[in-house]
Amino acid sequence: MSQFLPTAPYRGTRDFLPAEMSVRTQVFGRLYDVIERYGYQRYDGPILESVEIYEAKSSREIVEQQLYTLTDRGERRLALRPEMTPSVARMIAGNAGKLQFPVRWYSHPNCHRYERPQRGRVREHWQINVDVFGSDSAACEIEFFELVHDLMGALGATPDMWVLRVNDRVLLDAMLTGVVGIPAESVRDVAGLVDRWEKYPADKLAEDAAAIGLSDKQFARLGEVLTGGRAVLDEIPDEVKEQSKLVQVMDSAAGDLMVFDPLIVRGFDYYTSTVFEVFDTHPDNRRSLFGGGRYDNLVGLYSAQRIPGLGFGMGDVTLFDFLGTHGLLPEARNEIDAAVIATEPELAEAARTVARGLRGAGVRTSTPLDIRKLGKEIQRADKSGARVVVIVGGNDWAAGTVTVRDLRSGEQSQVSPDAAPAEVRALLD
(Lines give C-alpha, C1' and ligand atoms only; values in the text may rest on other atoms or scores of the structure.)
Protein backbone atom coordinates (compact mmCIF):
# COMPACT_ATOMS: atom_id res chain seq x y z
CA MET A 1 0.00 0.00 0.00
CA SER A 2 1.27 3.45 -0.91
CA GLN A 3 2.27 5.70 1.99
CA PHE A 4 0.82 8.68 0.12
CA LEU A 5 -2.77 9.82 -0.18
CA PRO A 6 -4.26 9.80 -3.71
CA THR A 7 -3.89 12.95 -5.80
CA ALA A 8 -7.02 12.36 -7.90
CA PRO A 9 -10.21 14.15 -6.82
CA TYR A 10 -13.24 12.22 -5.57
CA ARG A 11 -14.90 10.37 -8.47
CA GLY A 12 -17.30 12.60 -10.35
CA THR A 13 -15.68 15.84 -9.21
CA ARG A 14 -13.06 17.86 -11.02
CA ASP A 15 -9.92 19.91 -10.45
CA PHE A 16 -9.60 23.11 -12.47
CA LEU A 17 -6.00 24.18 -13.05
CA PRO A 18 -5.35 27.85 -13.87
CA ALA A 19 -5.49 27.48 -17.68
CA GLU A 20 -8.87 25.76 -17.54
CA MET A 21 -10.10 28.16 -14.89
CA SER A 22 -9.19 31.03 -17.18
CA VAL A 23 -11.40 29.58 -19.92
CA ARG A 24 -14.28 29.02 -17.48
CA THR A 25 -14.00 32.54 -16.08
CA GLN A 26 -14.19 34.03 -19.56
CA VAL A 27 -17.24 31.98 -20.49
CA PHE A 28 -19.11 32.71 -17.26
CA GLY A 29 -18.19 36.40 -17.46
CA ARG A 30 -19.92 36.67 -20.83
CA LEU A 31 -23.03 35.02 -19.40
CA TYR A 32 -23.10 37.22 -16.29
CA ASP A 33 -22.84 40.30 -18.47
CA VAL A 34 -25.86 39.35 -20.58
CA ILE A 35 -27.97 38.34 -17.56
CA GLU A 36 -27.21 41.56 -15.71
CA ARG A 37 -28.07 43.62 -18.79
CA TYR A 38 -31.58 42.22 -18.40
CA GLY A 39 -31.73 43.60 -14.86
CA TYR A 40 -31.11 40.39 -12.89
CA GLN A 41 -29.26 40.66 -9.57
CA ARG A 42 -26.95 37.99 -8.22
CA TYR A 43 -27.63 36.16 -4.94
CA ASP A 44 -26.31 33.05 -3.19
CA GLY A 45 -27.42 30.61 -0.52
CA PRO A 46 -26.16 27.73 1.65
CA ILE A 47 -24.86 24.50 0.20
CA LEU A 48 -26.62 22.56 3.00
CA GLU A 49 -30.42 22.44 3.06
CA SER A 50 -33.09 20.42 4.82
CA VAL A 51 -33.81 17.14 3.04
CA GLU A 52 -37.53 17.90 3.25
CA ILE A 53 -37.44 20.68 0.65
CA TYR A 54 -36.27 18.18 -1.98
CA GLU A 55 -38.58 15.40 -0.85
CA ALA A 56 -41.50 17.79 -1.28
CA LYS A 57 -40.99 18.86 -4.87
CA SER A 58 -37.82 17.60 -6.58
CA SER A 59 -37.87 14.63 -8.94
CA ARG A 60 -38.10 11.11 -7.52
CA GLU A 61 -34.81 10.28 -9.22
CA ILE A 62 -33.00 13.01 -7.30
CA VAL A 63 -34.62 12.19 -3.96
CA GLU A 64 -34.36 8.41 -4.17
CA GLN A 65 -31.03 7.99 -5.99
CA GLN A 66 -28.94 11.15 -6.13
CA LEU A 67 -29.10 13.08 -2.84
CA TYR A 68 -25.97 13.34 -0.72
CA THR A 69 -27.46 13.30 2.78
CA LEU A 70 -26.19 13.56 6.34
CA THR A 71 -27.53 13.88 9.86
CA ASP A 72 -25.97 16.62 11.96
CA ARG A 73 -25.31 16.50 15.71
CA GLY A 74 -28.77 17.87 16.37
CA GLU A 75 -30.30 14.90 14.50
CA ARG A 76 -31.40 17.17 11.62
CA ARG A 77 -31.53 15.56 8.16
CA LEU A 78 -29.57 17.64 5.68
CA ALA A 79 -28.55 17.35 2.04
CA LEU A 80 -25.90 18.88 -0.16
CA ARG A 81 -28.03 20.89 -2.56
CA PRO A 82 -28.66 19.03 -5.84
CA GLU A 83 -30.29 22.12 -7.39
CA MET A 84 -30.96 25.74 -6.44
CA THR A 85 -34.65 26.29 -7.20
CA PRO A 86 -36.08 25.05 -3.85
CA SER A 87 -33.52 27.22 -2.04
CA VAL A 88 -34.36 30.39 -3.92
CA ALA A 89 -38.09 29.75 -3.37
CA ARG A 90 -37.35 29.52 0.36
CA MET A 91 -35.39 32.78 0.24
CA ILE A 92 -38.14 34.59 -1.68
CA ALA A 93 -40.81 33.39 0.78
CA GLY A 94 -38.70 34.39 3.78
CA ASN A 95 -38.07 37.88 2.46
CA ALA A 96 -41.29 38.55 0.56
CA GLY A 97 -42.26 41.49 2.79
CA LYS A 98 -39.06 43.35 1.88
CA LEU A 99 -39.02 42.66 -1.85
CA GLN A 100 -40.46 44.64 -4.73
CA PHE A 101 -42.08 42.25 -7.17
CA PRO A 102 -41.46 41.12 -9.81
CA VAL A 103 -38.02 40.03 -8.62
CA ARG A 104 -35.25 39.14 -11.09
CA TRP A 105 -32.44 37.10 -9.49
CA TYR A 106 -29.60 34.89 -10.67
CA SER A 107 -26.95 32.75 -9.01
CA HIS A 108 -24.07 30.41 -9.84
CA PRO A 109 -23.96 27.68 -7.18
CA ASN A 110 -22.18 24.36 -7.20
CA CYS A 111 -24.58 21.43 -6.83
CA HIS A 112 -24.11 17.77 -5.94
CA ARG A 113 -25.83 14.64 -7.22
CA TYR A 114 -24.79 11.02 -6.87
CA GLU A 115 -24.71 10.35 -10.62
CA ARG A 116 -22.92 7.66 -12.58
CA PRO A 117 -20.09 9.75 -14.08
CA GLN A 118 -20.24 9.87 -17.89
CA ARG A 119 -20.21 12.43 -20.68
CA GLY A 120 -22.50 15.26 -19.61
CA ARG A 121 -22.93 13.98 -16.04
CA VAL A 122 -20.70 14.32 -12.99
CA ARG A 123 -21.31 14.39 -9.24
CA GLU A 124 -20.49 18.05 -8.65
CA HIS A 125 -21.39 20.72 -11.15
CA TRP A 126 -21.78 24.48 -11.34
CA GLN A 127 -25.05 25.85 -12.63
CA ILE A 128 -26.14 29.36 -13.55
CA ASN A 129 -29.71 29.81 -12.32
CA VAL A 130 -31.95 32.62 -13.53
CA ASP A 131 -35.39 33.22 -11.98
CA VAL A 132 -38.16 35.80 -12.03
CA PHE A 133 -40.76 35.82 -9.24
CA GLY A 134 -44.09 37.57 -8.83
CA SER A 135 -45.60 37.71 -12.32
CA ASP A 136 -48.16 35.58 -14.15
CA SER A 137 -47.58 37.42 -17.42
CA ALA A 138 -46.50 35.59 -20.56
CA ALA A 139 -44.01 38.46 -20.90
CA CYS A 140 -41.85 36.44 -18.48
CA GLU A 141 -41.62 33.58 -20.96
CA ILE A 142 -40.88 35.98 -23.81
CA GLU A 143 -38.13 37.67 -21.79
CA PHE A 144 -36.58 34.29 -20.96
CA PHE A 145 -36.64 33.12 -24.56
CA GLU A 146 -34.99 36.36 -25.67
CA LEU A 147 -32.45 35.97 -22.88
CA VAL A 148 -31.61 32.43 -23.99
CA HIS A 149 -30.96 33.67 -27.52
CA ASP A 150 -28.70 36.45 -26.23
CA LEU A 151 -26.80 34.07 -23.94
CA MET A 152 -26.11 31.65 -26.76
CA GLY A 153 -25.09 34.52 -29.02
CA ALA A 154 -22.65 35.81 -26.39
CA LEU A 155 -20.97 32.40 -26.44
CA GLY A 156 -20.48 32.66 -30.19
CA ALA A 157 -23.19 30.11 -31.03
CA THR A 158 -25.17 30.65 -34.22
CA PRO A 159 -28.88 29.71 -34.42
CA ASP A 160 -28.16 26.58 -36.45
CA MET A 161 -26.11 25.11 -33.57
CA TRP A 162 -28.98 24.80 -31.10
CA VAL A 163 -32.75 24.78 -30.76
CA LEU A 164 -35.10 25.96 -27.99
CA ARG A 165 -37.84 23.34 -27.54
CA VAL A 166 -40.85 24.31 -25.43
CA ASN A 167 -43.96 22.64 -24.02
CA ASP A 168 -46.62 23.37 -21.41
CA ARG A 169 -47.65 20.89 -18.75
CA VAL A 170 -51.21 22.22 -18.87
CA LEU A 171 -51.28 21.35 -22.56
CA LEU A 172 -49.51 18.04 -21.96
CA ASP A 173 -52.08 16.96 -19.37
CA ALA A 174 -54.84 17.79 -21.86
CA MET A 175 -53.06 15.86 -24.60
CA LEU A 176 -52.64 12.77 -22.43
CA THR A 177 -56.14 12.72 -20.93
CA GLY A 178 -58.28 14.24 -23.69
CA VAL A 179 -56.48 13.11 -26.85
CA VAL A 180 -54.74 9.86 -25.87
CA GLY A 181 -57.40 8.83 -23.33
CA ILE A 182 -55.15 8.23 -20.35
CA PRO A 183 -56.78 8.29 -16.86
CA ALA A 184 -55.82 11.32 -14.74
CA GLU A 185 -54.23 9.09 -12.10
CA SER A 186 -51.81 7.70 -14.72
CA VAL A 187 -50.68 11.06 -16.13
CA ARG A 188 -47.60 11.31 -13.93
CA ASP A 189 -46.34 7.85 -14.93
CA VAL A 190 -47.00 8.52 -18.61
CA ALA A 191 -45.26 11.91 -18.37
CA GLY A 192 -42.20 10.03 -17.08
CA LEU A 193 -42.43 7.77 -20.13
CA VAL A 194 -42.61 10.84 -22.39
CA ASP A 195 -39.52 12.23 -20.70
CA ARG A 196 -37.65 9.05 -21.78
CA TRP A 197 -39.10 8.95 -25.30
CA GLU A 198 -35.97 10.06 -27.15
CA LYS A 199 -33.57 8.15 -24.91
CA TYR A 200 -34.98 4.62 -25.18
CA PRO A 201 -35.56 2.33 -28.19
CA ALA A 202 -39.14 1.77 -29.34
CA ASP A 203 -39.41 -1.77 -27.93
CA LYS A 204 -38.32 -0.59 -24.48
CA LEU A 205 -40.82 2.29 -24.60
CA ALA A 206 -43.59 -0.13 -25.57
CA GLU A 207 -42.62 -2.44 -22.72
CA ASP A 208 -42.67 0.43 -20.21
CA ALA A 209 -45.99 1.68 -21.61
CA ALA A 210 -47.57 -1.70 -21.08
CA ALA A 211 -46.18 -1.84 -17.56
CA ILE A 212 -48.01 1.36 -16.61
CA GLY A 213 -51.28 0.20 -18.18
CA LEU A 214 -51.32 1.68 -21.69
CA SER A 215 -52.98 -0.37 -24.42
CA ASP A 216 -51.29 -0.84 -27.79
CA LYS A 217 -53.78 1.61 -29.29
CA GLN A 218 -53.02 4.25 -26.64
CA PHE A 219 -49.29 3.76 -27.10
CA ALA A 220 -49.60 4.24 -30.86
CA ARG A 221 -51.78 7.33 -30.38
CA LEU A 222 -49.30 8.70 -27.85
CA GLY A 223 -46.52 8.44 -30.43
CA GLU A 224 -48.62 10.35 -32.97
CA VAL A 225 -49.37 13.12 -30.48
CA LEU A 226 -45.80 13.51 -29.29
CA THR A 227 -44.37 13.82 -32.79
CA GLY A 228 -47.20 15.83 -34.37
CA GLY A 229 -45.97 19.29 -33.46
CA ARG A 230 -48.49 22.14 -33.26
CA ALA A 231 -51.21 20.15 -35.02
CA VAL A 232 -52.16 18.50 -31.72
CA LEU A 233 -53.22 21.89 -30.34
CA ASP A 234 -56.26 21.77 -32.62
CA GLU A 235 -57.51 18.82 -30.57
CA ILE A 236 -57.24 20.61 -27.23
CA PRO A 237 -60.25 22.61 -25.91
CA ASP A 238 -60.04 26.39 -26.18
CA GLU A 239 -60.59 26.82 -22.45
CA VAL A 240 -57.44 24.79 -21.79
CA LYS A 241 -55.37 26.75 -24.29
CA GLU A 242 -56.56 30.00 -22.70
CA GLN A 243 -54.80 28.91 -19.47
CA SER A 244 -51.49 28.45 -21.27
CA LYS A 245 -48.83 31.17 -21.21
CA LEU A 246 -47.07 29.28 -23.98
CA VAL A 247 -50.03 29.58 -26.36
CA GLN A 248 -49.94 33.33 -25.78
CA VAL A 249 -46.25 33.35 -26.71
CA MET A 250 -46.83 31.26 -29.83
CA ASP A 251 -49.57 33.67 -30.92
CA SER A 252 -47.24 36.68 -30.48
CA ALA A 253 -44.31 38.01 -32.51
CA ALA A 254 -42.03 36.06 -30.12
CA GLY A 255 -43.35 32.73 -31.42
CA ASP A 256 -40.37 32.35 -33.76
CA LEU A 257 -37.97 32.29 -30.79
CA MET A 258 -38.89 28.70 -29.97
CA VAL A 259 -40.20 25.39 -31.29
CA PHE A 260 -43.31 23.86 -29.71
CA ASP A 261 -42.50 20.24 -28.82
CA PRO A 262 -44.83 17.91 -26.84
CA LEU A 263 -41.80 15.71 -25.99
CA ILE A 264 -40.45 18.28 -23.53
CA VAL A 265 -41.56 17.33 -20.01
CA ARG A 266 -38.72 17.89 -17.50
CA GLY A 267 -38.67 15.66 -14.46
CA PHE A 268 -39.14 18.07 -11.59
CA ASP A 269 -42.47 17.86 -9.80
CA TYR A 270 -42.67 21.59 -9.15
CA TYR A 271 -43.21 22.68 -12.77
CA THR A 272 -46.81 23.72 -13.38
CA SER A 273 -46.98 25.15 -16.89
CA THR A 274 -44.27 26.22 -19.36
CA VAL A 275 -41.26 23.89 -19.61
CA PHE A 276 -38.36 24.29 -22.03
CA GLU A 277 -34.97 22.89 -22.95
CA VAL A 278 -32.12 24.02 -25.20
CA PHE A 279 -30.72 21.21 -27.35
CA ASP A 280 -27.47 20.93 -29.27
CA THR A 281 -28.10 20.16 -32.95
CA HIS A 282 -24.61 18.77 -33.65
CA PRO A 283 -24.75 15.03 -34.49
CA ASP A 284 -21.88 14.32 -32.08
CA ASN A 285 -23.64 15.94 -29.12
CA ARG A 286 -27.39 15.73 -29.71
CA ARG A 287 -28.55 16.28 -26.16
CA SER A 288 -30.20 18.76 -23.84
CA LEU A 289 -27.88 21.54 -22.70
CA PHE A 290 -30.09 23.24 -20.12
CA GLY A 291 -33.70 24.03 -19.38
CA GLY A 292 -36.32 25.29 -16.97
CA GLY A 293 -39.94 26.21 -16.60
CA ARG A 294 -42.74 27.87 -14.66
CA TYR A 295 -43.39 26.87 -11.06
CA ASP A 296 -46.37 28.71 -9.62
CA ASN A 297 -46.71 26.73 -6.37
CA LEU A 298 -43.17 26.16 -5.12
CA VAL A 299 -43.05 29.20 -2.82
CA GLY A 300 -46.24 27.78 -1.28
CA LEU A 301 -44.06 25.22 0.55
CA TYR A 302 -42.92 28.07 2.79
CA SER A 303 -45.69 30.68 2.73
CA ALA A 304 -49.42 31.16 2.21
CA GLN A 305 -48.62 34.03 -0.13
CA ARG A 306 -48.90 33.04 -3.78
CA ILE A 307 -45.73 34.05 -5.64
CA PRO A 308 -45.42 32.53 -9.13
CA GLY A 309 -41.97 31.84 -10.51
CA LEU A 310 -40.22 31.06 -13.77
CA GLY A 311 -36.60 29.94 -13.99
CA PHE A 312 -33.91 27.92 -15.69
CA GLY A 313 -30.57 26.36 -14.81
CA MET A 314 -27.56 26.20 -17.15
CA GLY A 315 -25.09 23.54 -16.00
CA ASP A 316 -21.39 23.85 -16.75
CA VAL A 317 -20.80 20.24 -17.89
CA THR A 318 -23.19 20.16 -20.85
CA LEU A 319 -22.39 23.80 -21.64
CA PHE A 320 -18.68 23.12 -22.03
CA ASP A 321 -19.37 19.94 -24.01
CA PHE A 322 -21.38 22.13 -26.40
CA LEU A 323 -18.67 24.78 -26.67
CA GLY A 324 -15.99 22.15 -27.24
CA THR A 325 -18.06 20.33 -29.87
CA HIS A 326 -18.56 23.53 -31.85
CA GLY A 327 -15.04 24.91 -31.37
CA LEU A 328 -16.27 27.88 -29.32
CA LEU A 329 -14.03 27.61 -26.25
CA PRO A 330 -11.88 30.74 -25.76
CA GLU A 331 -8.13 30.52 -25.36
CA ALA A 332 -6.76 30.57 -21.82
CA ARG A 333 -5.48 34.00 -20.87
CA ASN A 334 -1.79 34.48 -20.23
CA GLU A 335 -0.72 34.54 -16.59
CA ILE A 336 0.73 38.06 -16.65
CA ASP A 337 1.06 41.09 -18.89
CA ALA A 338 4.46 42.20 -17.64
CA ALA A 339 7.36 41.13 -15.45
CA VAL A 340 9.64 43.51 -13.53
CA ILE A 341 13.09 41.94 -13.17
CA ALA A 342 15.86 43.14 -10.87
CA THR A 343 19.36 42.23 -12.05
CA GLU A 344 20.79 41.97 -8.51
CA PRO A 345 19.41 41.33 -5.01
CA GLU A 346 20.01 44.91 -3.85
CA LEU A 347 17.46 46.15 -6.46
CA ALA A 348 14.60 43.87 -5.34
CA GLU A 349 12.83 46.66 -3.47
CA ALA A 350 13.24 48.98 -6.48
CA ALA A 351 11.66 46.29 -8.69
CA ARG A 352 8.73 45.94 -6.30
CA THR A 353 8.22 49.72 -6.40
CA VAL A 354 8.09 49.69 -10.21
CA ALA A 355 5.72 46.67 -10.13
CA ARG A 356 3.34 48.49 -7.78
CA GLY A 357 3.16 51.33 -10.29
CA LEU A 358 2.29 48.93 -13.12
CA ARG A 359 -0.38 47.18 -11.06
CA GLY A 360 -1.87 50.54 -10.20
CA ALA A 361 -2.25 51.12 -13.95
CA GLY A 362 -4.15 47.83 -14.31
CA VAL A 363 -1.25 45.76 -15.62
CA ARG A 364 -1.00 42.18 -14.35
CA THR A 365 2.57 42.17 -13.13
CA SER A 366 4.91 39.72 -11.44
CA THR A 367 8.37 40.06 -9.93
CA PRO A 368 10.78 37.14 -9.42
CA LEU A 369 10.79 35.71 -5.90
CA ASP A 370 14.43 34.70 -6.28
CA ILE A 371 17.10 36.67 -8.13
CA ARG A 372 18.46 34.57 -11.02
CA LYS A 373 20.17 35.25 -14.32
CA LEU A 374 18.42 37.89 -16.41
CA GLY A 375 18.12 35.63 -19.45
CA LYS A 376 16.43 32.90 -17.40
CA GLU A 377 13.92 35.35 -15.96
CA ILE A 378 13.11 36.85 -19.35
CA GLN A 379 12.54 33.33 -20.68
CA ARG A 380 10.27 32.55 -17.73
CA ALA A 381 8.30 35.75 -18.28
CA ASP A 382 7.85 34.89 -21.95
CA LYS A 383 6.53 31.41 -21.09
CA SER A 384 4.09 33.02 -18.64
CA GLY A 385 2.64 35.05 -21.51
CA ALA A 386 4.15 38.41 -20.63
CA ARG A 387 4.24 40.89 -23.49
CA VAL A 388 6.66 43.24 -21.74
CA VAL A 389 9.53 43.04 -19.27
CA VAL A 390 10.82 45.96 -17.26
CA ILE A 391 14.46 45.50 -16.32
CA VAL A 392 15.78 47.25 -13.22
CA GLY A 393 19.58 47.34 -13.57
CA GLY A 394 22.19 48.88 -11.31
CA ASN A 395 23.52 51.58 -13.65
CA ASP A 396 20.07 52.41 -15.05
CA TRP A 397 18.51 52.75 -11.60
CA ALA A 398 21.34 54.99 -10.44
CA ALA A 399 20.69 57.14 -13.52
CA GLY A 400 16.96 57.28 -12.74
CA THR A 401 15.75 54.96 -15.52
CA VAL A 402 14.53 51.42 -16.21
CA THR A 403 14.52 49.40 -19.45
CA VAL A 404 11.15 48.54 -21.01
CA ARG A 405 11.45 45.69 -23.53
CA ASP A 406 8.74 44.53 -25.94
CA LEU A 407 9.12 40.73 -26.00
CA ARG A 408 7.44 40.43 -29.39
CA SER A 409 9.55 42.90 -31.33
CA GLY A 410 12.64 42.88 -29.13
CA GLU A 411 12.66 46.68 -29.13
CA GLN A 412 13.40 48.45 -25.86
CA SER A 413 13.57 51.96 -24.43
CA GLN A 414 14.84 53.74 -21.36
CA VAL A 415 12.22 55.57 -19.33
CA SER A 416 11.90 56.91 -15.80
CA PRO A 417 10.23 54.62 -13.25
CA ASP A 418 7.26 57.00 -13.09
CA ALA A 419 6.82 56.82 -16.88
CA ALA A 420 7.04 53.01 -16.99
CA PRO A 421 3.29 52.35 -16.43
CA ALA A 422 2.26 54.54 -19.37
CA GLU A 423 4.97 53.04 -21.60
CA VAL A 424 3.94 49.47 -20.77
CA ARG A 425 0.24 50.30 -21.13
CA ALA A 426 0.93 51.72 -24.60
CA LEU A 427 2.69 48.52 -25.67
CA LEU A 428 -0.12 46.33 -24.34
CA ASP A 429 -2.82 48.42 -25.97
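The largest nonpolar core holds 74 residues, and Phe-145, Met-152 and Leu-222 have the most contacts inside it. A nonpolar core is a set of buried Ala, Val, Leu, Ile, Met, Phe, Trp, Tyr and Cys residues joined through side-chain atoms within 4.5 Å. Buried means under 20% relative accessible area, exposed over 50%, and partly exposed in between (1.4 Å probe, protein chains only). Apart from this core lies another, of 27 residues, among them Met-84, Tyr-271, Phe-279 and Leu-298.

The model is predicted: local features need pLDDT of at least 70, side-chain atom pairs count only at pLDDT 80 or more, and totals for chains, interfaces and linings use all residues. Residues are numbered from 1 along each chain as its sequence is written, and side-chain values use heavy atoms, with hydrogens and water left out.

Helix α9 spans residues 216–226. Helices (H or I, at least four residues) and strands (E, at least two) are DSSP runs, numbered from the N terminus. In α9, Gln-218, Phe-219, Leu-222, Gly-223, Val-225 and Leu-226 are buried. Seen down the axis of α9, its buried residues fall within an arc of 165 degrees, so they line one face of the helix. The arc is that of the directions from the helix axis to the C-beta atoms. Asp-216 and Lys-217, on the other side of α9, are exposed.

Strands β16 (residues 402–406) and β17 (residues 412–415) run antiparallel, joined by four bridges. Strands pair if DSSP finds at least two bridges between them. Thr-403 has Gln-414 in β17 as its bridge partner.
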